[in-house]
Amino acid sequence: LTFGTLSLFWLLGPLDTKKLPPTVFFFDSLSLSLSLSLNPLVFHLRVARATMEQDTDAPPQTRLTNFHDTVAITLCDAHTNTTTAAKLVVELTSLTNQRERKLTLQITDDDDPYLLYTLHLTEAAFHQLKEEQSILVEFASFPAKFIELLHQCQTADTTARPNFVGQLTTNAGSQESPTLTFTETNPFRQLVHLALRLEAGDDAAIKKYLAGRLAEFKAELASA
């Protein structure tokens with residue numbers, strides 16, 4: 001009884017020992033030995049309980065993939081002043097919970113596993129973007145309009161002289177953020193419809209992305 005009481009107190013956290021009944025501290029050598037040997041197990045149970053409480057506190061989140069396809073995008077290196085035509089995988093995902101709404105943009109290359117650019121656009125950040133670039137739609141309508149730009153890039157890529165181009169500009173020689181722009185060319189001028197500042201994937205982000213791809217590949221093999 002004394003061993004079970006001590007283990008329970010240890011699991012629930014620190015207690016004021018002055019308020020414990022005196023009988024709690026009367027135990028024999030066998031009880032003490034068992035308590036010491038099982039402490040790591042109790043510790044793991046306590047950690048598991050804390051993790052469950054943390055997960056319970058997290059708001060439920062809804063994830064919706066709005067777009068996932070290959071898009072012709074020109075890679076421009078401002079440092080070397082070179083451009084390369086590429087077919088990049090663009091994924092646009094909407095994340096919604098009780099606290100906020102967020103859009104996640106991810107650009108990758110099936111031929112280059114280390115190419116990873118992302119954008120996490122919250123509703124608050126969108127309002128700033130809307131003001132800076134005179135965007136007329138609201139946050140709820142922005143994903144559909146953004147997908148229209150991607151479709152225009154896909155359609156223009158089938159023509160001899162594309163008049164609608166997506167361009168990803170990087171500059172390895174500076175601290176400037178990579179920028180994704182959508183530009184339309186007409187007989188009079190070039191019009192930039194949208195410019196988004198992206199974040200280049202660091203080692204941790206690339207490893208997480210590759211691990212996710214590996215998990216998807218294993219799941220496909222298992223279901224085949």
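The legends below describe close-up views of a predicted model.

Residues are numbered from 1 along each chain as its sequence is written. In this predicted model local features need pLDDT of at least 70 and side-chain atom pairs count only at pLDDT 80 or more, while totals for chains, interfaces and linings use all residues.

**View 1. Strands β1 and β2.** Strand β1 (residues 62-77) and strand β2 (residues 82-96) run antiparallel and are joined by 15 bridges. T62 has T96 of β2 as its bridge partner.

**View 2. Helices on the sheet.** Helices are DSSP runs of H or I with at least four residues, contact means heavy atoms within 4.5 Å, and angles run from 0 to 180 degrees between N-to-C directions of axes fitted to C-alpha atoms, for helices over the stretch in contact.

**View 3. The lining of the largest cavity.** A cavity is a set of points on a 1 Å grid over the protein atoms alone where a 1.4 Å probe fits but cannot get out, and lining residues have an atom within 4 Å of a point. Lining residues of the largest cavity include L92, T104, F142 and L196, and β3 gives the largest share, three residues.

Terms used: Heavy atoms only, no water. 1 Å grid on protein atoms, 1.4 Å probe; cavity = no way out; pocket = protein on both sides within 12 Å on 5 of 7 lines; lining within 4 Å. Helix = DSSP H or I, 4+ residues; strand = E, 2+ residues; numbered from the N terminus. Pairing = 2+ DSSP bridges.
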